[in-house]
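The notes are arranged by topic, and each point can be followed in the display.

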Amino acid sequence: MTAFRSYMDEALAEARAAAARGEVPVGAVLVSPAGAVVARAGNRTRELNDPTAHAETLVIRAACAASGSERLPHHDLYVTLEPCPMCAAVISFARIRRLYYGAADPKSGGTAHGARVFSHPQCHHVPEIYDGLAAREAEALLKDFFAARRG
């Protein structure tokens with residue numbers, strides 16, 4: 001068995017890049033069973049004029065296209081913010097093995113807060129979930145971004 005390695009630093013780098021583009025600073029990294037990063041992205045909703053262009057959805061789309069499959073069993077997703085209900089549904093549909101996320105999202109989250117997508121009987125796949133990885137840094141990125149917008 002190999003030792004656990006967090007890819008949250010790479011997800012945080014994607015979140016910083018998203019903020020630099022004027023996007024809400026959320027980043028995601030998708031990791032193969034062998035431990036290789038197969039896709040990385042930050043939010044691009046404004047850039048692409050696409051309300052579904054959340055970091056999680058973008059990495060899952062890229063990995064599915066590269067693999068030629070709509071499912072990614074045995075893959076792990078690292079994201080800086082608790083996924084929204086839409087992204088939680090996509091994670092379930094893609095059969096992601098493990099979800100690691102940083103900051104909780106009491107306002108718009110879809111896993112531990114709000115809709116709690118994975119707890120519904122209609123949800124056909126529930127990933128293992130690990131929260132709080134680099135939560136302080138992820139929260140700080142979000143708070144600083146929104147404070148600058150209001151300032």
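What follows is a short briefing on one helix, its packing partner and one asparagine.

The model is a predicted one. In it, helix H1 covers residues 8-20, and asparagine 43 lies in the loop that joins strand E2 (37-42) to helix H2 (45-48).

**Helix H1 and its buried side**
- Helix H1 has 13 residues, which at 1.5 Å a residue should span 18 Å, and this agrees with its end C-alpha atoms being 18 Å apart.
- Within H1, the residues Met8, Glu10, Ala11, Leu12, Glu14, Ala15 and Ala18 are buried.
- The elements that cover these buried residues include strand E1 (27-31), strand E2, strand E3 (76-81), strand E4 (98-103) and helix H5 (135-150).
- Just after H1 comes glycine 22, which takes a positive phi of about 85°.

**Packing of H1 with H5**
- The axes of H1 and H5 are 11 Å apart and the two helices pack at an angle of about 5°, which makes H1 roughly parallel to H5.
- From H1, the residues Leu12, Ala15, Arg16 and Ala19 meet Glu137, Ala138, Leu141 and Phe145 of H5.
- Sorted by class, this contact of H1 with H5 has six nonpolar residues, two charged residues and no polar residues.

**Asparagine 43**
- Asparagine 43 has a relative accessible area of 8%, which is under the 20% cut-off, and therefore asparagine 43 counts as buried.
- When its neighbours within four places in sequence are left aside, asparagine 43 is in contact with Ala18, Arg21, Glu23, Val24, Val26, Ala53, His54 and Ala55.
- Ala18, one of these contacts of asparagine 43, is also among the buried residues of H1.

Methods: Residues are numbered from 1 along each chain as its sequence is written. This is a predicted model: local features need pLDDT of at least 70, side-chain atom pairs count only at pLDDT 80 or more; totals for chains, interfaces and linings use all residues. Side-chain values use heavy atoms; hydrogens and water are left out. Helices (H or I, at least four residues) and strands (E, at least two) are DSSP runs, numbered from the N terminus. Buried means under 20% relative accessible area, exposed over 50%, partly exposed in between (1.4 Å probe, protein chains only). Contact means heavy atoms within 4.5 Å. The expected span of a helix is 1.5 Å times one less than its number of residues. Axes are lines fitted to C-alpha atoms, for helices over the stretch in contact, and angles run from 0 to 180 degrees between N-to-C directions. Angles under 35 degrees count as roughly parallel, over 145 as roughly antiparallel, 65 to 115 as roughly perpendicular and the rest as oblique. Ala, Val, Leu, Ile, Met, Phe, Trp, Tyr, Cys and Pro count as nonpolar, Asp, Glu, Lys and Arg as charged, and the others, Gly among them, as polar.
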